[in-house]
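Okay, thanks for coming, everyone.

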Amino acid sequence: MTYDRFETSQPAPGLTDVPPLGMDATSLARAFRHYYTHNLGRDKYCRMTHYAYEALALVVRDRLMERWKMTRYAYTDSNCRQAYYLSLEFLMGRALGNSILNLGLDDEVAKALAKICLDYEELSEAEQDAGLGNGGLGRLAACFLDSCATLQLPVQGYGIRYEYGMFRQRIKNGYQVEEPDHWLGSENRWEIERPEYIQRVKFGGRSEFYRDHDGTLRSRWVDTRDVLAVPHDVPIPGHQNGTVNTLRLWKAAATAEFDLGEFNSGDYPGSVAEKNLAEKITMVLYPNDASENGRDLRLRQQYFLASASLQDILEKWLEIKGPDLSTFAELNCFQLNDTHPSCAVAELMRLLIDEQKLGWDQAWKMTSGMMAYTNHTLLPEALEKWSVRMFEQLLPRLLEIIYEINARFLKQVAERWPGETDRLRRMSIIEEGPVPQVRMAYLAIVGSFSVNGVAELHSQLLQEGLFRDFYEMWPEKFNNKTNGVTQRRWLAWCNPELSNLLNVTIGSEWVTDLKQLEKLKPLVDDRGFQKKWQQVKYNNKQRLAELVRKDCGVDFNPNAMFDVQVKRIHEYKRQLLNILHVIHLYDRIKCGDTADWTPRCVLIGGKAAPGYAMAKAIIKLVNNVAAMVNEDPAVGELLKVAFFPNYRVSAMEVICPGTDLSEQISTAGKEASGTGNMKFMMNGALTIGTLDGANIEIREEVGEENFFLFGLTASEVEERRHDYNPAALIAAEQNLSRVMHLLCSGHFNQCEPGIFEPIIQAIYSPHDPWLVAADFSSYVDSQAQAARAYQDQQQWTRMSILNTACSGKFSTDRTMQDYNEQIWKLPRVPAQVLEEAIKPISVGD
């Protein structure tokens with residue numbers, strides 16, 4: 001497809017003003033039949049559920065459209081301050097159920113489908129998960145947008161429309177195999193292409209200086225190879241309030257489909273080379289950066305997102321308000337979700353200086369007054385750094401601006417701390433060395449008025465460690481915003497039985513005010529309510545057991561404890577510690593140590609980055625141990641283990657309601673926050689975990705007696721590194737010694753000698769940064785405590801109810817209120833404005 005920019009006249013009111021659509025079952029059924037037969041061309045003989053799903057999606061989308069339009073009108077007409085959330089990931093999951101819930105159409109849709117003899121749940125299952133994210137970062141961004149719409153905050157998301165998700169994970173012979181996740185293989189009914197808002201993004205070329213009409217020396221970026229950014233808008237509905245916000249996703253396209261001259265000369269690959277190069281930018285989420293080409297593509301992605309988004313916002317301002325930028329900073333705010341969009345700092349400076357002809361000081365005052373940066377990691381190696389050479393080749397004009405930002409910044413540092421050359425070196429945006437690097441996190445800090453962590457411990461460790469120099473310079477910039485999750489998806493939608501029980505017991509206000517769950521506290525010892533709670537949990541466990549049977553081929557007994565760890569596979573998250581405990585339980589069974597045993601089903605799931613060899617080895621170990629355990633008749637129902645393949649949002653919607661014990665076992669001081677821990681807590685799971693990330697705040701809320709704590713603290717972890725001797729620990733600790741003997745003897749890889757040697761060496765290494773051996777004994781003790789507690793179902797249920805009752809703090813509604821009150825300072829667009837906007841329109845309007 002060729003994209004051209006074109007001008008349009010003002011639309012006639014009659015083209016856009018139409019009466020509201022019916023929300024009753026009869027209207028929905030009529031609309032469904034229309035789309036199914038007249039739009040999709042299907043009839044009663046069609047047997048593919050997919051087309052029925054598409055028809056229902058179009059019916060629901062129509063009802064979002066009118067509210068979406070009026071939301072945009074309300075924000076624009078009120079001339080309010082707006083915020084823009086830039087994120088490389090938005091892990092949205094499925095949209096149908098969430099949209100129906102937030103429109104308040106659950107009952108009416110069910111009635112409408114019943115009229116046509118269709119099953120709502122079956123149609124929901126036909127929807128593909130959107131491949132726009134990988135893990136907690138992307139899911140958090142999706143939850144944030146949901147809460148902003150529910151709170152009626154004028155916030156728009158900006159991301160990338162990836163053609164393929166990260167990958168579809170398949171397990172073959174225990175190994176992770178990556179397959180393309182072409183989630184856009186069929187038309188995505190939840191997006192609207194907006195070619196009228198295409199932006200042009202520059203790469204390569206060079207800078208040249210010139211003097212403008214008044215003699216001012218200026219720079220311009222020339223001889224570039226441009227890529228078009230084509231916007232696709234996704235509606236984000238608030239909960240039953242008439243608000244529908246926008247997520248704008250950019251697709252990369254070539255400026256020309258193909259070179260006709262090359263084609264006619266017979267060079268067919270050459271004729272489409274530019275098209276293929278452009279489309280690579282949005283082809284796949286997180287290309288493997290182990291190669292130079294992979295790193296090049298990642299930087300292209302990050303700049304593409306930042307440039308297209310900022311140009312879009314600036315263009316909208318100029319179109320509506322004209323060239324006067326005097327209130328632009330006052331009415332706009334940009335939130336950078338982690339370090340990936342940090343190019344936005346330099347790009348906004350380029351747009352203001354080169355395109356809008358502002359002076360440096362004015363442009364910098366505006367930029368640094370609008371940018372806000374959220375950090376999501378304590379791992380230095382996870383902070384984005386790009387070689388100066390690569391930057392110079394891809395983004396030469398941006399590099400010039402970054403050099404200038406750095407020079408002016410280091411001058412400030414030198415004035416504050418004269419003669420401290422080490423400090424200058426540490427704080428420089430440009431990291432010197434054999435291969436000079438641009439430190440993108442430092443660029444984000446220098447160019448932002450707010451820098452926040454995502455849990456109390458995380459924010460404290462940023463200030464004391466990773467960003468200490470910057471905190472000493474600008475303590476007022478730094479703040480904490482503890483993460484959350486949206487209860488609409490992660491309780492109301494994914495756990496309908498518990499949701500119904502809550503509604504009957506305490507009312508439905510908790511859907512928009514999670515603190516209302518505290519009303520459950522007086523019921524924790526009510527035997528009648530406990531029995532209802534237990535029945536809901538049992539039914540959810542049956543649902544999870546069916547999913548595990550279908551996807552893993554392993555039978556889970558719903559009467560056993562469901563012990564679950566599902567998240568991205570990484571050494572700091574310590575799936576390895578979990579599987580070592582499984583080996584310990586297996587060893588106990590084989591030794592006959594099963595008195596007073598608690599049957600347990602262990603579920604581990606998550607994806608490893610394609611280039612992360614150790615994470616992939618851990619997946620292989622989990623699968624080999626699972627095969628050994630599940631096939632051993634001596635183990636039987638005492639222990640089952642499964643690795644869940646292709647972990648995704650829609651799977652988590654089944655997993656978290658059916659979980660008894662939530663594994664949050666990262667090395668203390670390494671997990672920024674975690675959000676899976678909150679989803680499990682909200683659904684009544686108990687947590688076993690370290691004092692890391694948001695675990696600390698979860699424990700504070702629910703009480704230490706309702707949390708299974710183990711392991712070293714963050715400060716103890718740092719102290720232990722100085723004299724860490726895992727070999728001595730293993731020799732001294734009988735349980736760990738037996739586990740390591742089984743591992744080292746090749747018991748779990750009898751036909752694959754040596755494959756787990758890297759894991760064994762990592763555990764024995766005195767330089768193991770994750771201190772697996774150090775926390776093993778404490779972990780085993782805490783697991784034993786959890787197993788004993790599970791045997792007393794009355795007490796366990798009491799603890800489960802308390803976890804849900806105390807989860808109110810961990811709603812993203814609270815998180816977004818914190819962001820807004822302390823960073824964005826946006827008005828809440830009055831609900832009556834939106835309600836007024838969707839009233840029926842008379843013929844004369």
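Predicted model: local features only at pLDDT ≥ 70, side-chain atom pairs only at ≥ 80, totals over all residues.

Let's start with helix α31, residues 734-744. Which residues of α31 are buried? Leu736, Val739, Met740, Leu742 and Leu743 are. Going around the axis, these residues span an arc of only 155°, so they sit on the same side of α31. If you want the background, an α-helix has 3.6 residues a turn, so residues three or four places apart point the same way. On the face turned away from that buried side you'll find Gln734 and His741, which are exposed. And what covers the buried residues? The list includes α24, α25 (613-631), α30 (726-732), α32 and α33.

Now the ends of that helix. At the start of α31, glutamate 733 has a side-chain oxygen that comes to within 3.3 Å of the backbone nitrogen of asparagine 735. Just after α31, glycine 746 has a positive phi, about 80°.

Staying with α31, let's turn to charges. Side chains of opposite charge can pair when their charged atoms come close. Arginine 738 makes a salt bridge with aspartate 587, with 2.7 Å between the closest N and O atoms. The arginine is in α31 and aspartate 587 is in helix α24 (residues 575-590), so this pair ties together parts that are 151 residues apart in sequence. Buried or exposed? Arginine 738 is partly exposed because its relative accessibility is 35%, whereas aspartate 587, at 10%, is buried.

One I'd like you to look at is arginine 488 with aspartate 146, at 2.8 Å, N to O. Arginine 488 belongs to helix α21 (residues 487-493) and aspartate 146 to helix α7 (residues 136-150), so the pair ties together parts that are 342 residues apart in sequence. Here arginine 488 is buried, at 0% relative accessibility, and aspartate 146 is buried as well, at 4%. There's also a network of salt bridges that links Glu420, Arg423, Arg426, Arg468, Asp469 and Glu472.

Okay, on to strands. There's an open sheet of 3 strands, antiparallel, in the order β13-β15-β14. β13 (385-387) and β14 (430-431) are the edges, each with a single partner strand, so one side of each has no neighbour in the sheet. β14 pairs with β15 (residues 437-439) over 2 bridges, and isoleucine 430 is opposite valine 438 there.

Last bit: backbone torsions. Most residues other than glycine have a negative phi, and most peptide bonds are trans. Lysine 357 has a positive phi, near 65°, and lies in the loop between α13 (343-355) and α14 (360-370). At 37% relative accessibility, lysine 357 is partly exposed. Leucine 771 also has a positive phi, near 50°. Where does leucine 771 lie? In the loop between α32 (757-764) and α33 (772-791).

Conventions. Residues numbered from 1 in each chain as written. Heavy atoms only, no water. Pairing = 2+ DSSP bridges. Helix = DSSP H or I, 4+ residues; strand = E, 2+ residues; numbered from the N terminus. Buried < 20%, exposed > 50% of the residue type's maximum accessible area, 1.4 Å probe, protein only. Salt bridge = Lys/Arg side-chain N within 4 Å of Asp/Glu carboxyl O. Arc of directions from axis to C-beta. Contact = heavy atoms within 4.5 Å. Polar contact = N/O pair within 3.5 Å; in protein donor to acceptor, adjacent residues only side chain to side chain.
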